[in-house]
Amino acid sequence: MSSERASGILLHITSLPSPYGIGDFGPEAYKFVDFLHETNQKLWQILPLTPTEKCSPYSSVSAFAGNPLLISPDKLCDMKLLTKEDLILPSAYSFDDKYVKFKHVTEYKHMILRKAFENFSNKKRANIILKEFLQSEHDWLDDYSLYMTIKERQNKKSWSEWSRDLKFHQKDKLQQVRETQQNTIAYHIFTQYIFHEQWTHLKIYANQLNVKLIGDIPIYVDYNSADVWSNTEIFQLDNSTLLPSVVSGYPPDDCSTNGQNWNTPIYNWNDSLKKPAVFNWWIKRLEKTLQMVDIVRIDHFRGLESYWSIPVDANHVPLQPKDGQWVKGPGAEFFHAIFNALGKDLPLIVEDLGNITKEIVELREQFNLTGIRILQFAFTFQPDNLHLPHNYPPNCTAYTGTHDTLTVVGWWTHHASKEEKKNFLEYINIPIMHDDDDYEQLGNQDIVISYLDKHINWYFIQMVLATVANRTIIEFQDVLGLNNDCRMNDPSLSSDPDCDGPQNWAWRFTWTMVRDKFREKLKFFTNIYNRK
């Protein structure tokens, strides 16, 4: 990957302003690209673009499809598929500028998308366009459109509860669905076609302004997904029920005393007969993602070296996370397969956080993969803490924080211990503060800490931009100086699509938050540290 010094912003599409309850690929997305260009940011990192029936973009019904909620109604009008009258919000729905109401947004978006599909279907070349798009994306789109269609007819039941012929993906039964449910299948192909068209135009615009897009893929996929249903052989499932025989998670640690059960199936990494199919699926997944974005971040990199496997009981209920065990993953063999198929210089960022062993470090370095550093994790304070700026290697991506962490202001004012604050002050200490007379003039630590309550975010931003890290990413909430009520995700909390209030994954910004002085400071620090 390029060693050019660059910086950028972490902000998911859903957090953009929009009159339709959720950020989308419409005018505000282009306006945000303009903001990045004007402040000399070269990177825009987003979260997964895949469709979800929950709130989290990391919980998807397909690792290949796009989320229809991100389709812009305004762009549908530009395509002559809707009129402005079609976009009028029915009284049954209400939106909020500060957060996403997922249930209202989902119902509204699918209502207008079905209207757009009806209008599209009346066009002369509609069938030809969808047929050609299906052919170009056939590796995943046929199964995805079938899966979504069958799930609708099964009242959203898990595919494990479908009739045996559907559950086991029997060709004759699926062909029957294709013949009897042509309109519904075509609708799901249509939404993917529109998603692809709108996203492609946005990406072209960003690239023309020298802004690269960083995408994100979770290592695991949901059990209730088109991926698992149509590729059961690549997952560790019970042969008779097709339910997971083990599930993913993480052992107890300082962050979670009980450990974590992620409850997703685990790949058949260690079955020599099935491993080639696993690798082939991953190659197609990465190839598709790299068509969508310029750089890919792989979540939970350590799971490729070894993964935490939680067994299930006789009723296929997972045991406690503490009952799991580390199992060796595919390691170097995985990356040899990926690079042999797609090329050796793939633009990958690997999330190398957590319990990082020497084997994980060796795997990352063997393939010269770009790891990440989080400044918030730096001040527990050991001089060799890899998150301290003086320990950053050039080949890393440095963050003020991530979608899973507190905002910088929230961390400093509500979470950082006295010891961490003291360590931070000592780390940024200027030489004259060791002179007793000058120290008295500058004031004591309590005064400095009180000052930093309002300005700590810009100290963090300046610090990561000043490092030797080739790439730095600033969470947008940190540019805006926002507190924890604006964080994107708190992993200790759940989310519910039926919730009408603020919750995980729901935060949105408004342009009134983006003050001129924030633009000026971001551009200034970007330029002074040679990232323009």
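**Salt bridges in the predicted model**

A tally of salt bridges (a side-chain nitrogen of Lys or Arg within 4 Å of a carboxyl oxygen of Asp or Glu) comes to 21. The structure is a predicted model, so local features need pLDDT of at least 70 and side-chain atom pairs count only at pLDDT 80 or more, while totals for chains, interfaces and linings use all residues. Residues are numbered from 1 along each chain as its sequence is written, and side-chain values use heavy atoms, with hydrogens and water left out.

One of the pairs joins Asp216 to Arg297, with 2.8 Å between the closest N and O atoms. Asp216 and Arg297 are both buried, where buried means under 20% relative accessible area, exposed over 50% and partly exposed in between, using a 1.4 Å probe and protein chains only.

Another buried pair is Arg487 and Asp490, whose side chains form a salt bridge at 3.7 Å, N to O. What about Lys322 and Asp323, whose side chains also meet in a salt bridge? Their N to O distance is 3.5 Å. Lys322 is exposed, at 58% relative accessible area, whereas Asp323 is partly exposed, at 35%.

Salt bridges can also join up into a network, as with Asp352, Arg364, Glu365 and Arg373. In general, side chains of opposite charge can pair when their charged atoms come close.
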